[in-house]
Amino acid sequence: MSSSTKYADPAFQGVGHKIGTEIWRIENFQPVPIPKSDYGKFYSGDSYIILQTTGKGGTYLYDIHFWIGKESSQDEAGTAAIKTVELDAVLGGRAVQHREPQGFESDKFLSYFKPCIIPSEGGFASGFKKPEEEKSETRLYTCRGKRVVRMKQVPFARSSLNHDDVFILDTEKKIYQFNGANTNIQERAKALEVIQYLKDKYHEGTCDIAIIDDGKLQADSDSGEFWVLFGGFAPIGKKVVSEDDTVLETSPAKLYGYLFLLLQHCMYGFSTKS
């Protein structure tokens, strides 16, 4: 047995022999497979490993992505990196590795999940909410992108709304789409695809859908209900540029810790390809 497979995690046994996606979440420093029904759902407090296997000319091609949630610990992020190297070794060192920080995912990574990924707050360490609790919780998201959709959960507050984005308000019995006045038809159409996905996946296809257009004070029940949820109608402000709209900056301390963990494992575990 080669050194690369000798130290491989049991969770990686038999991987890479079928076309498609396989996902593991880091739990207590170990990769744990998640059910396919949860594919596309990521928690900001966790780190994940995603293997995408494709076929070409009778051979397999591999891409390994490790997704790092914004609130994931340095240890979890380091473990995801180390286990990614292990998984690559199991696959014969032929995979392309990708680091995917939350909010800055590559288009390639996002393309695996149709119509989008749905990042949620919390994580394994803090304990997951029961399905009925998640179903009844009201969430507000920004929905950006004309080709690849990027979803981001934002505070459920009027101050989160602006004229430049499409927003999705997911409540227990109805999903609202708020179209900022400066958004275009492609962005609005993509958001509607996401709403249909949310309806089918999380509401068993039974909830209602409502479209709210920014700046159009229509005297209908949907518009009234929407603004009541925000405490009544009032003008909304301009878009505030957030860290997700700027260039990603990695703190030197975190980057050093991540690289140190990876170097330690490479030195004392097994060799990686150059």
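Which strand does P31 lie in? I started my notebook with that one, keeping in mind that this is a predicted model.

**Entry 1: P31**
I found P31 in strand β2, which runs over residues 30-33. Then I listed its contacts, skipping residues up to four places away in sequence. P31 touches D9, A11, F12, W24, R25, I26 and K83. I took a second look at A11: P31 and A11 are 20 residues apart in sequence, yet 6.5 Å apart in space, C-alpha to C-alpha.

**Entry 2: helix α6**
I moved on to helix α6, residues 221-229, and asked which of its residues are buried. I wrote down S223, F226 and W227. They cover an arc of only 90° around the axis, so they sit on the same side of α6. On the other side of α6, I found S221 and V228 exposed. What covers the buried residues? I noted that the cover includes β10 (166-170), β11 (174-179) and β12 (208-213). Just after α6, I came to G231, which takes a positive phi of about 85°.

I checked I209 and found it partly exposed, with a relative accessible area of 31%.

Note on methods: Residues are numbered from 1 along each chain as its sequence is written. This is a predicted model: local features need pLDDT of at least 70, side-chain atom pairs count only at pLDDT 80 or more; totals for chains, interfaces and linings use all residues. Side-chain values use heavy atoms; hydrogens and water are left out. Helices (H or I, at least four residues) and strands (E, at least two) are DSSP runs, numbered from the N terminus. Contact means heavy atoms within 4.5 Å. Buried means under 20% relative accessible area, exposed over 50%, partly exposed in between (1.4 Å probe, protein chains only). The arc is that of the directions from the helix axis to the C-beta atoms.
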